[in-house]
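Please look over the sequence and the structure below, and then read the notes that follow, which are grouped by topic.

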Amino acid sequence: MNSEPGHVKDFPFQRAADGLVTRREYLKLLALTSFGLFLGNLGVAAAALFRREKPEPRIMVASVRDVPEGRSLNFDYPTADDPAILVHLPGGRFVAYSQKCTHLACAVYLDRKTGRLHCPCHDGFFDVETGQVLAGPPPRPLPGIELSVESGDIYALREKKA
Amino acid sequence: MKGELDDPNQPEYRTAIVQAKIVLLLLVVGIQLFLLTVTVDRLLAGETGEIAGLALASAISFVIGLGIWRVRA
């Protein structure tokens, strides 16, 4: 009678034929991993070096009267694929940020109850005046957009540099 | 005497060196992994100023790792 368990019959394992990794082979593998990580870092550095600057068009976002105090307006800047949010702060000042949460790029909105920018995906909160992270998982502040108000019209000028 | 590590030809001595090399190389690889994640984070954040320095640190780590690997055991 064969006393072998079923799984051994189904998946026979020949220990002697199996190539065990020696310490030296493992060392070689680690050295190769180190080289691969170095290449990866070099690749990222090259990507940063040859990264194209985004265009910085001057576009009219809205008229001052279109956005009452304490309200927000969504727009796109600098391209149609970059959602942004314009906020009319109490006191008359306007601020604008990229609408993509710095955590996982969900769209943030102005929570009028708390007066903060809120990312509903993972409950990230940003200061509406500065874009700084107040709570939640976002690792960085929201990228800001420079504005100019001329003759009652609000213009987006450029993205603020970090 | 068997088991003492003062003779480079003792198998125990060589095994200890290889094990030390593995630990050190794992440390180097861990540091490089950390550097790579920081570099990608900086790239995504648009803060490209530190990326060259991080790549250089990764290169230095690799050279150190290579040195550790090549130590005779």
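**Briefing on selected residues and chain B**

Gln99(A) is placed in the loop of chain A that runs between β4 (94-98) and β5 (109-111), where helices (H or I, at least four residues) and strands (E, at least two) are DSSP runs numbered from the N terminus. This is a predicted model, in which local features need pLDDT of at least 70, side-chain atom pairs count only at pLDDT 80 or more, and totals for chains, interfaces and linings use all residues. Residues are numbered from 1 along each chain as its sequence is written, chains are lettered from A and ligands numbered from 1 in the order in which they are written, and side-chain values use heavy atoms, with hydrogens and water left out.

- Gln99(A) counts as buried because its relative accessibility is 8%, buried being under 20% relative accessible area, exposed over 50% and partly exposed in between, with a 1.4 Å probe and protein chains only.
- The side chains of Gln99(A) and Asn74(A) are joined by a polar contact of 3.4 Å; such a contact is a pair of N or O atoms within 3.5 Å, and within protein one must be able to donate a hydrogen and the other to accept it, while residues adjacent in sequence count only if both atoms are side-chain atoms.
- Leaving aside residues up to four places away in sequence, Gln99(A) touches several residues, among them Pro83(A), Ile85(A), Cys106(A) and Val108(A), contact meaning heavy atoms within 4.5 Å.

**Where residues of chain A meet chain B**
- Ala31(A), found in helix α2 of chain A, is buried, with a relative accessible area of 8%.
- Not counting residues up to four places away in sequence, Ala31(A) touches Leu25(B), Phe62(B) and Trp69(B).

**Lys21(B)**
- Lys21(B) has its place in helix α1 (residues 11-45) of chain B.
- Lys21(B) is buried yet has no salt bridge, and the nearest side chain of opposite charge, Glu25(A), is 14 Å away; a salt bridge is a side-chain nitrogen of Lys or Arg within 4 Å of a carboxyl oxygen of Asp or Glu.
- A polar atom of the Lys21(B) side chain lies 3.1 Å from the backbone oxygen of Trp69(B).

**Chain B as a whole**
- Chain B contains 2 helices and 0 strands, and 32% of its 73 residues count as buried.
- Among the contacts in chain B with a separation of 6 or more, 52% are accounted for by residues 24 or more positions apart.

Definitions and conventions. Lys and Arg count as positive and Asp and Glu as negative; His and the chain ends are not counted.
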